Amino acid sequence: MATMTLSAADVVRRRGLRQMRGVALSLLLLAAVIYVITLHRDGGWGYVNAAAEAAMVGALADWFAVTALFRHPLGLPIPHTAIVPTRKDSLAESLEQFVTENFLSEEVVATKMRSAEVSRRAGEWLAAGTHAERIVAEGARTVGAVLPKVGDADVTAFVGGSLLPRFAEEPLSPIAGHFLQSVVDDGAHHALFDLVVVEAHDWVRDNRDTLADVIGPRAPRWSPRWVDSLVIDRIHREMFTWLTDVRDNQEHSARQAVDRLLAQFADDLQHDPAMMERFEAFKRRMLAHPDLAPSLTAVWDAVRIALIDAIADPRSTLQTRVAQAIKDLGKRLQTDDDLRAKVDARAAEAVGYVIRTYGREIVSVISDTIERWDGREAAARIELHVGRDLQFIRINGTVVGALVGLVIHTLSQLL
């Protein structure tokens, strides 16, 4: 043990081990002294002498048992002693198997995860103090160090070599249809439709001459110009009136027709084989365009520059909003039972996956570490942690031996 590097806790453990050894040895010496003093005495001293004798036997037997775990008693190579130094590898494997089967099992960890209320505790931590700001600051520091090192050539190679081919192989029609269906169900497209209608309304209002340039050449040659002008004015007026009605009436039939069209399109993208194939063919043509990868790289470059600028300023809108979003998430984790249940379930699934996939590799650190130890060092480390408690075996052996010796001597006298 003298060659081991001891921590402050190990120093305390060694002190406690020595103290308990001293107590156990003191009881043995006390029993020996009492035995010598009461030897060859009659009367009640015979009972005391028998108890002291049995106490010494019990103390020595248990000293041998405890010592035999870690070393050869008195340095004698007695068979089946020094068990830890000579069998540390098999003991390590047994300990590894025990931990794997009883502690690092998916069921045990999942149960612990559910009872630990990890999401609620995480929510309390996120919402308290400046923890959200600390998370954002650390994340910004990490991202700020990584982003400048990601070059355009790397992004282009990733997009052209991995991302776009992956999208080309993956069927996106059902995903696009499901997304569009969600948009239609939530009415999220209405804002975009309003924008288009307002722009079309304003354009028609301000571009009567442009409309005349489009319609005029298509009028019959025999038609008088004043008749063409009246027709163009009527068409312009009707278009303007219709667009105004569509703009102001949220229940307009045109709006309902667009809703039905988008809903049908979303359904076809998910269930109509012909539409799905046309969508996939269009997707493949778009992804195969030679300018797509450079365009995406240019977009990424612009986003990266904006992110670097936002990350460099701790008071930027981006960092402020991210910190506030983290705090809001922390508050929701404390109050939203459904969200908390989902987070706990996902966390339990993630931990279960890690245990299923890497559990044995994680626990193998036990056997790998112990196998690297020298036999005597392993014995010293283990004794340092459990030796103090094992000294109670010696103490109990002394006390129990004395009582058993007293009972046996009494029965002998009675018989």
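A salt bridge here is a side-chain nitrogen of Lys or Arg within 4 Å of a carboxyl oxygen of Asp or Glu. By that rule, this predicted model has 21 salt bridges. I will go through some of them, then turn to a helix and a loop.

Start with Asp194 and Arg255, whose side chains meet in a salt bridge at 2.7 Å, N to O. This pair links distant parts of the chain, with Asp194 in helix 9 and Arg255 in helix 12, 61 residues apart. Asp194 is partly exposed at 26% relative accessibility, while Arg255 is buried at 5%.

Next, Arg304 and Asp301, with their closest N and O atoms 2.5 Å apart. Both residues lie in helix 14, three residues apart, which is about one turn of the helix.

Now helix 13, residues 273-287. It has 15 residues and reaches 21 Å from first C-alpha to last, close to the 21 Å expected. Which of its residues are buried? They are Met275, Glu280, Lys283 and Leu287. These cover an arc of only 135° around the axis, so they sit on the same side of helix 13. What covers them includes helices 7, 8, 12 and 14.

Last, Thr81, in the loop between helix 2 and helix 3. Is Thr81 buried or exposed? At 4% relative accessibility, Thr81 counts as buried. A polar atom of its side chain lies 2.5 Å from the backbone oxygen of Ile78.

Conventions
Residues are numbered from 1 along each chain as its sequence is written. This is a predicted model: local features need pLDDT of at least 70, side-chain atom pairs count only at pLDDT 80 or more; totals for chains, interfaces and linings use all residues. Side-chain values use heavy atoms; hydrogens and water are left out. Helices (H or I, at least four residues) and strands (E, at least two) are DSSP runs, numbered from the N terminus. Buried means under 20% relative accessible area, exposed over 50%, partly exposed in between (1.4 Å probe, protein chains only). A polar contact is a pair of N or O atoms within 3.5 Å; within protein, one must be able to donate a hydrogen and the other to accept it, and residues adjacent in sequence count only if both atoms are side-chain atoms. The expected span of a helix is 1.5 Å times one less than its number of residues. The arc is that of the directions from the helix axis to the C-beta atoms. Contact means heavy atoms within 4.5 Å.
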